[in-house]
Amino acid sequence: MNPAHSRHTCRHAFTLAAVLAAAVCTGCARQSGGDDPGMIARGPVPEYAVVAGAYNARVARLERLRANTSLVIHAKSSEGKRLNEQVEANLQFVLPRSVALRIDKVGQTVFYLGSNDERYWWMDLTDNKIAMVGIHEKATAEKAAAFGLPVHPLDLLELLGVIPMPGVGEGGAPVVEWSRDGRRLGITTDQRWGGSRRIFMDPETYDPMRIELLDGMGNVAVAAALSRYQSVDVDGDARARARIAGRLDIEAPGRETTVIMSVYDPENSGHMKQTPFDLEALLRAYGVKDVVDIDRDDGPRASGPGRGGK
């Protein structure tokens with residue numbers, strides 16, 4: 001397949017999924033948490049070790065998870081028409097790098113966002129069945145945007161609020177501060193691609209209320225408002241304190257798109273299969289023949305199944 005044709009086809013097929021984890025909602029670019037102008041007087045912020053300890057206690061048993069999800073998508077097409085879609089999805093992940101988000105429409109899988117320890121991918125299964133494949137170590141935000149990836153799978157994990165905070169002395173010097181209105185506790189830590197992760201949380205429960213991924217210039221690249229927290233069933237550990245948001249309003253400044261992601265019946269199962277994270281098996285199962293290697297120095301190339309990310 002011609003590289004230029006591959007890129008055009010991938011972008012054209014991106015209409016439904018351009019928003020999957022990079023959507024906008026009103027006021028997403030603001031850096032404070034909340035719309036209420038009322039101020040709350042606060043004393044000194046708690047020590048980072050205290051906050052990280054409480055936060056990590058919640059995510060301690062979220063190292064693996066599967067859940068049914070739904071996506072409500074409001075977007076604008078390239079012709080300027082409003083698009084409203086509702087799709088079903090299935091989410092699975094195993095930290096630190098295995099992610100599988102299968103998106104179904106009317107009982108048929110139409111998109112697949114995934115990754116494993118080495119590679120990440122975005123499959124469009126609507127028409128010509130194309131997969132875009134890259135290597136984690138070569139990934140950049142610019143490259144993902146150029147080829148129409150909705151979000152890097154590891155960014156999705158960040159937005160879900162399941163990644164532990166680094167320990168004291170790991171990954172730079174975290175910043176702890178109150179939001180401008182004093183209602184939320186903000187923590188800023190280093191993030192991939194030279195940017196940072198900023199989490200605004202409830203100061204009583206330490207549940208994230210908003211998570212922002214910032215670029216190297218400090219601008220919000222993608223963010224999510226998290227709500228409706230629920231307990232996660234953990235195999236063999238009835239006393240687990242794991243909790244995850246039941247709703248994410250996902251946003252990216254500059255896109256007239258909104259995605260509401262709902263998470264249902266999450267569970268940490270010790271019997272998760274590895275097939276959802278097996279690229280070659282997925283390419284065969286979905287009959288994908290065109291694989292775009294987005295890491296080639298001389299531009300993207302299409303190849304046969306299993307050769308795209310090598």
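These legends describe close-up views of a predicted model. Local features need pLDDT of at least 70, side-chain atom pairs count only at pLDDT 80 or more, and totals for chains, interfaces and linings use all residues. Residues are numbered from 1 along each chain as its sequence is written, and side-chain values use heavy atoms, with hydrogens and water left out.

View 1. Helices (H or I, at least four residues) and strands (E, at least two) are DSSP runs, numbered from the N terminus. Of the 310 residues, 52% are buried (under 20% relative accessible area, 1.4 Å probe, protein chains only).

**View 2. Helix H2 covers residues 48-59.** Tyr48, Val51, Ala52, Tyr55, Arg58 and Val59 are buried in H2. Seen down the axis, these buried residues fall within an arc of 120° (taken from the directions from the helix axis to the C-beta atoms), so they line one face of H2.

**View 3. Strand E5 (residues 119-124) is mostly covered.** Six of its six residues are buried. Arg119, Trp121 and Met123 lie on one side. Tyr120, Trp122 and Asp124 lie on the other.

**View 4. E5 pairs with strand E4 (residues 108-115) in the antiparallel sense, over five bridges.** Pairing requires at least two DSSP bridges between two strands. Serine 115 has tyrosine 120 of E5 as its bridge partner. Three residues separate E4 and E5 in their hairpin.

**View 5. E5 also pairs with strand E6 (residues 130-135), antiparallel over six bridges.** Tryptophan 121 stands opposite valine 133 in E6. Five residues lie between the strands of this hairpin, where lysine 129 takes a positive phi near 55°.

Technical notes: Buried means under 20% relative accessible area, exposed over 50%, partly exposed in between (1.4 Å probe, protein chains only). The expected span of a helix is 1.5 Å times one less than its number of residues.
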